[in-house]
Amino acid sequence: MSARQRIAKALGAATVGALALGLTACGGDSGGDDLTTIGFVAVGPEGAWREANETNIQDTFTEEAGYELKYAPATNLDQKSQIDAFTSFVDEGVDVILLSATEATGWEDSLKRAQEAEIPVILLDRGIEPDDTDLYVTRIAPDNIEVSTAVADWAVSAFPDGANYFVLEGPAGVSVVNERNEGFDAVASGQPGLVKVGAQTANWSTEEAKGVVETVLKSNDNDVQFIFAQNDEMGLGAVQAVQEAGLTPGVDVKIATIDGTKNALESLAAGELSFVAEYNPLFGETALEVVEKVLDGGDVESSIVVPSATFDSPEAAETALPDRKF
Ligand code: AHR
């Protein structure tokens, strides 16, 4: 049953004629006779987390499930390419748009266009700023404040006598970076023993993070005890830099990361990373349930939190690894 038919069914036969005319006017073009078209404005190649997340979405919205998923990854993480894809989906009249935004700001005009075309927009992972919940149906993501607060709480317990720490951030202007700083800082700022020696983006990159940490260790005479890396790839780069400085990760310098990918858990199991907060990328089923509910005329919360775990020891990592799906 296409989206148009679902919406008509949800509203009852009496309005079918008017609705059908309305939908024709406002788009809502369904793929094929029975397929619901989904325009997925995606980030594209960015790292293990993104690959797991976008593969999971594509593996969920299949033709067998009744969908035609149009995947539109950004060109080199460029927001303009995303806005262009978004506009094309609106003009094409897809039934639903899924958006993982490379930048938090600059979406108002696009979202208003989708609203005028009566095309529901669902945010995946990344939020928008300002967060105008009237401009989209819902955001599906783990809670970045909760995840980064877990990192900070662990740091407080791991360093009862304090520590000098450095933060490896994701790219400037990305919503989750701002949220992770907010959650972490809210706890760390109340701990005078935790002294921030600096923060710098390493753009989610292992290589870039390794270079940044090499410089930080040199400029602080290795007097850094803790590194908060806002994703796994950067944390693994920090491990390499600590080792190349002749220090022992997990002993001289403890490193905490966010994502919970297999590589990070293997590093935690080896005693290199010290804490990994999962940011669960596998929420395709949740996204499909939300799409179904929206197309059937149901209400959904403006924010849907994806549950995520934490791993604070080699044993915890070893237990999780055999069944790890990303
Ligand atoms: O938006 C989620 C973040 O984007 C992940 O933590 C990071 O690995 C990805 O690149």
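Trainee: What share of the residues is buried in the protein, and what makes a residue count as buried?

Mentor: This is a predicted model. Buried means under 20% relative accessible area. Of the 326 residues in the protein, 52% are buried.

Trainee: How many helices and strands does the protein have?

Mentor: The protein has 12 helices and 12 strands.

Trainee: What box do the C-alpha atoms fill?

Mentor: Along the principal axes, the box is roughly 75 × 40 × 35 Å.

Trainee: What share of the contacts joins residues 24 or more positions apart?

Mentor: Contact means heavy atoms within 4.5 Å. Take the contacts with a separation of 6 or more: residues 24 or more positions apart account for 76% of them.

Trainee: Which domains does the assignment give?

Mentor: Domain 1 is 35-142 + 281-295, and domain 2 is 144-279 + 311-323. Their C-alpha centres lie 29 Å apart. In the contact, domain 1 supplies 15 residues and domain 2 supplies 13 residues.

Trainee: How far apart are the mean positions of the positive and negative charges?

Mentor: They are 2 Å apart, for 19 positive and 56 negative charges. Lys and Arg count as positive, Asp and Glu as negative.

Trainee: How much of the accessible surface belongs to carbon and sulfur atoms?

Mentor: The surface comes to about 13,600 Å², and 49% of that belongs to carbon and sulfur atoms.

Note on methods. Residues numbered from 1 in each chain as written. Predicted model: local features only at pLDDT ≥ 70, side-chain atom pairs only at ≥ 80, totals over all residues. Heavy atoms only, no water. Helix = DSSP H or I, 4+ residues; strand = E, 2+ residues; numbered from the N terminus. Buried < 20%, exposed > 50% of the residue type's maximum accessible area, 1.4 Å probe, protein only. Areas by Shrake-Rupley, 256 points an atom, 1.4 Å probe, with all protein chains shown as cover. Charge placed at Lys NZ, Arg CZ, Asp CG, Glu CD. Domains from an automatic or database assignment.
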